[in-house]
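Here are some notes for a colleague opening this structure for the first time. Please read them with the structure in view.

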2 protein chains.
Amino acid sequence: MGILVVGTVALDSVETPFGHVDRALGGSATHFTAAASFLTPVAIVGVVGEDFPHAELDFLRQRKVDLSGLETLPGKTFHWKGRYGFDLNSAETLATDLNVLTQFSPKIPKNLRESEFVFLANIHPALQIQVLEQIVRPKLVALDTMNFWIQGEPDLLRKVMARVNLVVINEGEARQFTGEASLLKAARQIQKLGPRIVIIKQGEYGALLFYEQEIFSAPGLPLESVKDPTGAGDSFAGGMMGYLSRVGQVDLKTLCQAIIVGSSMASYNVEDFSCHRLKTLTLPEIVSRINQFKKLSHFEEITL
Amino acid sequence: MGILVVGTVALDSVETPFGHVDRALGGSATHFTAAASFLTPVAIVGVVGEDFPHAELDFLRQRKVDLSGLETLPGKTFHWKGRYGFDLNSAETLATDLNVLTQFSPKIPKNLRESEFVFLANIHPALQIQVLEQIVRPKLVALDTMNFWIQGEPDLLRKVMARVNLVVINEGEARQFTGEASLLKAARQIQKLGPRIVIIKQGEYGALLFYEQEIFSAPGLPLESVKDPTGAGDSFAGGMMGYLSRVGQVDLKTLCQAIIVGSSMASYNVEDFSCHRLKTLTLPEIVSRINQFKKLSHFEEITL
């Protein structure tokens, strides 16, 4: 059981209309793990620089996250600087300092090579392939990506996708990657590459699951205040994969539930900057939000 | 029982990446009625010019729609010309020829003044007020509007809203009208004006219902091919109001169901230009689409 996640551990400087943080804990693997660790054992493989404040990860250590695969290399930690406007739906990148990330070559510790659930967070598809080469008999491998790789490495990306079971992707990126305006057609096209499962993230509107021929739509919970959407997609994936790993099954029923758990995690994550909200979150709070999602989308039988 | 709808009956020239029509049947009251008439008796009050091809409304006559309140005035019918791009989410208006609409002053026939359900489709708020002055003891009055009136007549619009029970509005227009980025806050602000019920349309993403303190989210059904989104909001409102009128109740349970019925109607309406799809639609098809919506949003109990 448990999840292996390979992705970035970063320091983020983020500005939104509701405040800002400077070099706060961020990165795809971090946000993913902050969510997944509520539900299942997680191990991170990633890299940080000598400047990285390791105490910032204490909340993950308390949740028994395995950090043995987190390398420290000479140099500075990956740093992303971005700004969100009024509608919070898209970030303007002000700076991307890759730093030690340019030397990153994921080495999966021996004891993690047989992880049943593997999440390839948003990193260079060549590194994602390196991970695939090292893992043995996984039950489920999922992949996230972004516009940068879709534009720069589309062929390589197609090759990695062909080797995973599940692709998580933004709606805009799904359209960009496939050239299809219809998300249904876009998902079908990605499924044709190999993955049986495609999950399209729609930001504040929720998420769509395409599982073989079936479709499920998770609503977006209308929130009073969203402070910072950074990491929403990763905490969504963390909640989703965390639930799959906890249940130990990957079928339509469990996937639908998993997407609701992921949506609940993401809805908390955006309520504060960095991982602040997920640091203090409790299991009863997660359960309460899941119940909100249930109420939000439930309707009685209709007879005409 | 039954619905009185006051709005436009128009000729639309529409171009999308999937085709075009020239002076085809359109207008808010028309699209609304094409949907509502499957579910409940409907009466239209509106105006057309001498050029209007009355035979185009035969399909509504066959559904027993009361057209006695549809005036013909000297001059030409209201004509809208618009174009949609690749993503179909927003129209570019190429021409708005108001024609006889400038002389429109809604006169509600005596036998319709006691209609239980009244829909004030998107027209000048001053005309919407004129309708309110003529109706007696309605069970539910609903109102739709658009950015043009929000910008040009915000005070008058606020006055009409204060006198209705239900406001249907696009998400962009809800944000524009209230100045709130959060749809939850926007809905609460509109509720404070008077209406207990606010429904925010989110295009391909579905719709949100705010009923007193409760919230319901209807998903958007991912469609293979959307040809023309014109009238989607009106057919949504028609299905929604049609169901409320059919059941004869306005409570949370019925409203949630009504929004699903409305979403089903809208999902058919966008599959073809003008009212083409709703002309040939059948009740079994509507039921089948409603079942798709059920499946789309249903998930099993989650225990953590």
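**Notes on the two chains**

1. The crossing of helices α8(B) and α9(B) is right-handed. This is a predicted model. Helix α8 of chain B covers residues 232–247, and helix α9 of chain B covers residues 252–269. Their axes come within 7 Å and cross at roughly 140°. An angle over 145 degrees would count as roughly antiparallel. α8(B) and α9(B) are therefore oblique to each other.

2. Which residues make this contact? On the side of α8(B) they are A232(B), S235(B), F236(B), A237(B), G238(B), G239(B), M240(B), Y243(B), L244(B) and V247(B). The side of α9(B) includes T254(B), Q257(B), A258(B), I259(B), V261(B) and G262(B). Also from α9(B) come S263(B), S264(B), M265(B), A266(B) and N269(B). By class, the contact of α8(B) with α9(B) holds 12 nonpolar and nine polar residues, with no charged ones.

3. α9(B) has another helix to look at. The axes of α9(B) and α11(B) come within 9 Å, crossing at roughly 115°. That makes α9(B) roughly perpendicular to α11(B). This crossing, too, can be given a hand: α9(B) passes α11(B) in a right-handed way.

4. What meets what between α9(B) and α11(B)? From α9(B) come I260(B), V261(B), S263(B), S264(B), S267(B) and Y268(B). They meet I286(B), R289(B), I290(B) and F293(B) in α11(B). The contact of α9(B) with α11(B) has six nonpolar residues, three polar and one charged. V261(B), S263(B) and S264(B) are also listed in the contact of α9(B) with α8(B).

5. Now the sheet of chain B. Nine strands form an open sheet in the order β5-β4-β1-β8-β9-β10-β11-β12-β13 (chain B), and the pairing is mixed. β5 (66–72) and β13 (214–219) of chain B stand at the edges. Each has a single partner strand, so one side of each is left without a neighbour in the sheet. Neighbouring strands are turned by 15° against each other on average, direction ignored.

6. Look inside that sheet at one pair. Strand β10 (residues 166–170) of chain B and strand β11 (residues 197–201) of chain B run parallel, joined by five bridges. L166(B) stands opposite I197(B) in β11(B). Helix α7 (residues 183–193) of chain B packs on the sheet. α7 touches β10, β11 and β12 (206–211) of chain B. The direction of α7 makes about 140° with that of β11(B).

7. How many residues does each chain bring to the contact between chains? Chain B gives 33 residues and chain A gives 33 residues. On the side of chain B that touches chain A, the elements giving two or more residues are α7, β13, α9 and α11 (283–297) of chain B. The largest share of that side, six residues, comes from α11(B). By class, the side of chain B that touches chain A has 22 nonpolar, six polar and five charged residues.

8. Chain A comes next. Its secondary structure comes to 11 helices and 13 strands. The radius of gyration of chain A is 18 Å, close to the 19 Å that the globule rule gives for 304 residues, so chain A is as compact as a globular protein of that length. Along the principal axes, the C-alpha atoms of chain A fill a box of roughly 70 × 40 × 35 Å.

9. Chain A has an open sheet of four strands in the order β3-β2-β6-β7 (chain A), with mixed pairing. The edge strands are β3 (19–26) and β7 of chain A, and each pairs on one side only. The twist averages 15° from one strand to the next.

10. How do the strands of this sheet pair? Strand β2 (residues 10–16) of chain A pairs with strand β6 (residues 79–84) of chain A in the parallel sense, over five bridges. E15(A) stands opposite R83(A) in β6(A). β6(A) runs antiparallel to strand β7 (residues 91–97) of chain A, with six bridges joining them. In β7(A), K81(A) has A95(A) as its bridge partner, and W80(A) has T96(A).

11. One turn deserves a look. β6(A) and β7(A) form a hairpin with six residues between them. L88(A) in the turn has a positive phi of about 60°.

Note on methods
Residues numbered from 1 in each chain as written. Chains lettered and ligands numbered in written order. Predicted model: local features only at pLDDT ≥ 70, side-chain atom pairs only at ≥ 80, totals over all residues. Pairing = 2+ DSSP bridges. Axes fitted to C-alpha atoms, helices over the stretch in contact; angles between N-to-C directions. Contact = placed C-beta atoms within 7 Å. Parallel < 35°, antiparallel > 145°, perpendicular 65-115°, else oblique. Left-handed = near helix turned anticlockwise from the far one by under 90°. Nonpolar A, V, L, I, M, F, W, Y, C, P; charged D, E, K, R; others polar. Rg over C-alpha atoms; globule rule 2.2 N^0.38 Å.
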